[in-house]
Amino acid sequence: MVRQLMARFSVEITPREAPTLPPLADVLAPGTAVYLTFLPHTPWADTVAVARSVRDAGMRPVPHLAARAVPDHATLRRMLADLAAVGVRDLLVLAGSLTTPVGEFHEAAQVLDSGLLADAGITRVGIVGHPEGHPDVDDDELLRALLAKCRIARERGLDLHLVTQFAFAPEPIVAWERRIRAHGVDVPVHVGLPGLTTPARLLRFGLRCGVGASLKVLRQQAGGVLRLATSPVHHPDATLVGVAAAAAADPACLLRGIHFFPFGALAPTAAWAGDIRDGHFVVDDRDRLRVTA
């Protein structure tokens, strides 16, 4: 099941860091989905240009579109036309980090329900899943919004999937998947994992993104947080193996893929993930994964 989850892993980069990255074709397999993070104050033209370069490198660009950064339907139509012109056929739609919307859109559901995605030839759409909750939204509201987005996607004929925030442990992901499935969600879930970057950077981003449940699980493991904090590079192998075990044990499980947040470590993350995808690994008796290539 580990190899099945990793068969078509995706990665995420920011438009701002794109010029400093190695050539994508040198580190990723052709057709890999490369998500382009939305960052406030990044010009839309930069996102479009990076999407073009990702497509030219033989990859599949998946820009983020933040609803709260879109002032109106006319602007949304132009933005989607910009993406379609450079070959974008996939999109991740989210509310975005802006506290105050710039215009009439304030949640992802409104973009999904606009009818403009299909008009631009974009029918494969991702939305964000929050296994460990959201700092500003309670769990019941998150579930309500998720169910609404799934319903709208069905009505609009969109091929929907979920991409989760990254986690440090499998337990919160598995529990959340079971909960949303019990409420009728039936779309594939791509599990977010941190890349092979420094623990200090991961802890900083993790606390900002609200992955407290994962950190709680680590605290309950002997030396868990200490291992994370003192390792030179974090490897998300324990989370990957745990997620794979849950998926293998339940044929109805929605956990279908892995999405990496490299946090500046694209090349080592891609190399590690590629080795696992290709079967160059072993899992020891403590359920820890070791690359053998």
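1. Starting with disulfides, meaning pairs of cysteine sulfur atoms within 2.5 Å: the structure holds zero of them. Two cysteines are still worth a look. Cys-150 is buried at 4% relative accessibility, and Cys-253 is buried too, with a relative accessible area of 6%. Buried here means under 20% relative accessible area, exposed means over 50%, and partly exposed lies in between (1.4 Å probe, protein chains only).

2. A word on the basis of all this. The model is predicted, so local features need pLDDT of at least 70 and side-chain atom pairs count only at pLDDT 80 or more, while totals for chains, interfaces and linings use all residues. Residues are numbered from 1 along each chain as its sequence is written, and side-chain values use heavy atoms, with hydrogens and water left out.

3. On the overall picture, the chain has 13 helices and ten strands, taken as DSSP runs numbered from the N terminus (helices: H or I, at least four residues; strands: E, at least two). Of its 293 residues, 49% count as buried. Taking contact as heavy atoms within 4.5 Å, 80% of the contacts between residues at least 6 apart in sequence join residues at least 24 apart. The chain exposes about 13,200 Å², and carbon and sulfur atoms supply 53% of that area, by the Shrake-Rupley method with a 1.4 Å probe; for residues, only the protein chains shown count as cover.

4. Now the aromatic pairs, of which there are six. The rule pairs rings of Phe, Tyr and Trp (its six-membered ring) if their centres lie within 6.5 Å; planes under 30 degrees apart are stacked, over 60 edge-to-face, and the rest tilted. Phe-9 and Phe-260 are edge-to-face, because their ring centres are 5.8 Å apart and their planes stand at 85°. Phe-9 sits in the loop between α1 (2-6) and β1 (10-13) and Phe-260 in strand β8 (residues 255-261), so this pair ties together parts that are 251 residues apart in sequence. Both are buried: Phe-9 has a relative accessible area of 5% and Phe-260 one of 0%.

5. Phe-261 and Phe-263 make a stacked pair, 6.3 Å centre to centre with 20° between the planes. Phe-261 is buried at 15%, as is Phe-263 at 17%. Together with Phe-166 and Phe-168, these two form one aromatic cluster.

6. Finally, please look at His-161 in strand β6 (residues 159-164). His-161 is buried, at 13% relative accessible area. Leaving aside residues up to four places away in sequence, its contacts include Tyr-35, Val-125, Val-187 and His-190.
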